2 protein chains.
Amino acid sequence: MRAEIITIGDELLRGFVVDTNAAYIGKKLLEVGIKPFWVTTVGDDQNTLLQAFTLAAQRVELVFVTGGLGPTHDDVTKKVACKFFDSELVFNQLVFKKIVELFQQRGVEMPAINEEQAWIPKKAQLILNEVGTAPGFIFNKDGCYFFIMPGVPQEMKAMMEGAVIPFLINHKLTQNQTIQYQILRTTGIMESQLYEKLSVDLANIENLVELAFVPTVRGVDLRLTAIGKSAKECRRRIASAESLIRQKVDDYVYGVNEETLEQKVAELLFANKQTIAVAESCTGGLISNMLTNISGSSHYFERGIVAYSNQAKVDILGVSIETLRKFGAVSSETAGEMAEGVRRLARTNFGLSTTGIAGPTGGTPQKPVGLVYIGLANGSTTIVEKYQFHHDRLRNKQRTAYAALNLLRRRLLKKV
Amino acid sequence: MRAEIITIGDELLRGFVVDTNAAYIGKKLLEVGIKPFWVTTVGDDQNTLLQAFTLAAQRVELVFVTGGLGPTHDDVTKKVACKFFDSELVFNQLVFKKIVELFQQRGVEMPAINEEQAWIPKKAQLILNEVGTAPGFIFNKDGCYFFIMPGVPQEMKAMMEGAVIPFLINHKLTQNQTIQYQILRTTGIMESQLYEKLSVDLANIENLVELAFVPTVRGVDLRLTAIGKSAKECRRRIASAESLIRQKVDDYVYGVNEETLEQKVAELLFANKQTIAVAESCTGGLISNMLTNISGSSHYFERGIVAYSNQAKVDILGVSIETLRKFGAVSSETAGEMAEGVRRLARTNFGLSTTGIAGPTGGTPQKPVGLVYIGLANGSTTIVEKYQFHHDRLRNKQRTAYAALNLLRRRLLKKV
């Protein structure tokens, strides 16, 4: 089965929005062995979209469409679908009820234009929208399936997972071959260093899987891809390759697939019944924000202090005026006292701190932009690590947060 | 002139890489009055790419191609171009010299495989690569131009700016018209409500500009696009349309184009020489993080407290135990005391607070997931706003942070 993805919207063509929907759908299809063959993006124009539908139906058997299902005048997908599949619209009570309920939940009166979304092409099988107002549709024309979904990513994702993928499986539209992949996420090591550490085993690894190095701001992801007849065989090959990789670089691997560093740290804290408080200067709340993105974080996260001013460092963290005077706010000593202070005041197992010069201004020859100290106190010992990052403020904040959480992870695993 | 963008790569189809090149090229073309009409993405396969070339040449006059110019076996673009334009390859000394030099600069021996990149289609006009090894090409076939560039974003961007856009201008391939756009960013109002408020003026607005509603997690962006003979005339029409829009919904417009809400708030605080401290519960540090993303934030941001536990709310914000016992941590009263407490202790002009149930767990019938209180204190008055958001934890954090910063913005503008 060949698949095409059609994404719709002037904002995509004009580059106001980067098309992430196509990538998401491509990935989801791969998981059920369907290799996407073609992606088409067109604007909010009926004739052009009709052309795109026609071309897609000629070259593939499965078409996945997103966008243009909103209630406003520039949403043309439903109109084009009615034309292409020669279908009229009928009013659907169930959809209408769901839209009305959604507005009630939000405590907002339903604008009249949303009623339009309850009119459904008669020939379509309905996909209910569990997170928004626009329903999706499945059409079949001469053996070619069209799956039409909204462009809002979370609505499209809910439909792909809840309706489209199950439909593909139930109708035996998935392939007799599967593509499995796994990502090993590393941090604290450069791409070329990883490559060197793995180089002697590279041939063996690549006999088992395709290996790709994907650098991100968090670190380097290793992507292992296996193609084969059965998921089981692919998983086995991936597991063997993973084991070869971990033999060489396990210390740097913090997670698998979608796992984040903050999740990993949260799991370790939770499993050990340990608690943490955070004192941030240069990261400005980013670490607290990451840790509290995890549901249930109140079990281990007690408080976070963003002590931006020196006064705040003294007042609420108990850093000594003497230390600030002698060594400055960006110093190993201050980082240590911040971590110890927040731990003591919050009565937690760990205190984690950051202080540095995020930039782009504020650097000096002695303390350049990108200089960062990270402190971790557990009551008996305090570790301080020094880093020299670069000039970009947001990236410096992110790199510092990752390095801090990675220090905590290594400590929780007793590797430091 | 119609334009099509073709991006090439299995990585794109499989969703391992999100296609940012198409968005970049689309934006660049708009600046010279060329509206992208179609985007095609295909994999690293010669026949498929040949099909894509053929279709593009049939429907547009300008084709922009990226990807598949690397030195390895899965890079097929040059081969397909030779076939499509019926051209042979010739060895180019200049290109070879540049490749050798690039490796010398990097202190790396040139792999033999890179020599292949110095073979150039005879019928092509060359685009030298100033940042990488793969040269680009310009072809013309029956009046249709193909601009072929590498897929590495920084190499493609250097070619677009340094060679392709100048070529378009020199060859008078740009439109004798310009496309100007402006985005008005709103928050605190739903798409359909905005639409209703603007509906009576919609015809007038659309006589001046194209108007698009673009919902994001931050709010709804209004995109105004004007196409005309001169930039001046377009700007004038955009200004008139903006004025019509602002007459109806100005209170919700926080910024223009790339401006963020946190930037806007930072500017207002800075201009008024006012300072702020933040006390966060359900947002977990997100507001502090947003405010400290702005360079120079130490001028107005004094401290942030992430008071996750009740103990922290009492200890470092001075919320009364009585209030917590009587009304609970998620209450109007607690939000008010948090804002007042952090302001008093930090000695700032404003104290901003959030408390709520981010979810997905922790809700009760009385206090469901998504219930949020936002407090803003300035020493004389304290405002508390109540919101009912939804079930998604990260979105609830983001929506709360936006609502809080928007409350602060309105206060700074004396609208509340």
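## Cysteines

In this predicted model, the sulfur of B:Cys82 lies 17 Å from the closest cysteine sulfur, in B:Cys144, which is too far for a bond. B:Cys144 is likewise in no disulfide, a disulfide being a pair of cysteine sulfur atoms within 2.5 Å. Over all chains, the count of disulfides comes to zero.

B:Cys82 is buried, with a relative accessible area of 12%. B:Cys144 is buried, at 5%. Buried denotes under 20% relative accessible area, with a 1.4 Å probe and protein chains only.

## Nonpolar core

The largest nonpolar core holds 64 residues, of which A:Phe53, A:Phe146, B:Phe53 and B:Phe146 touch the most other members. Such a core is a set of buried Ala, Val, Leu, Ile, Met, Phe, Trp, Tyr and Cys residues joined through side-chain atoms within 4.5 Å.

Leaving aside residues up to four places away in sequence, B:Phe146 touches B:Phe53, B:Ala57, B:Val63, B:Val65, B:Phe84, B:Phe85, B:Phe137, B:Ile138 and B:Phe139 (contact: heavy atoms within 4.5 Å).

## Sheet in chain A

Four strands of chain A form an open sheet with antiparallel pairing, in the order β10-β11-β9-β12. Its edge strands, β10 (210-216) and β12 (253-256) of chain A, each pair on one side only. Strands are DSSP runs of E, at least two residues, numbered from the N terminus; two of them pair if DSSP finds at least two bridges between them.

Seven bridges join β10(A) to the antiparallel strand β11 (residues 219-228) of chain A. A:Val214 has A:Asp221 in β11(A) as its bridge partner.

## Conventions

Residues are numbered from 1 along each chain as its sequence is written, and chains are lettered from A and ligands numbered from 1 in the order in which they are written. Local features need pLDDT of at least 70 and side-chain atom pairs count only at pLDDT 80 or more, while totals for chains, interfaces and linings use all residues; side-chain values use heavy atoms, without hydrogens and water.

How values were computed: Buried < 20%, exposed > 50% of the residue type's maximum accessible area, 1.4 Å probe, protein only.
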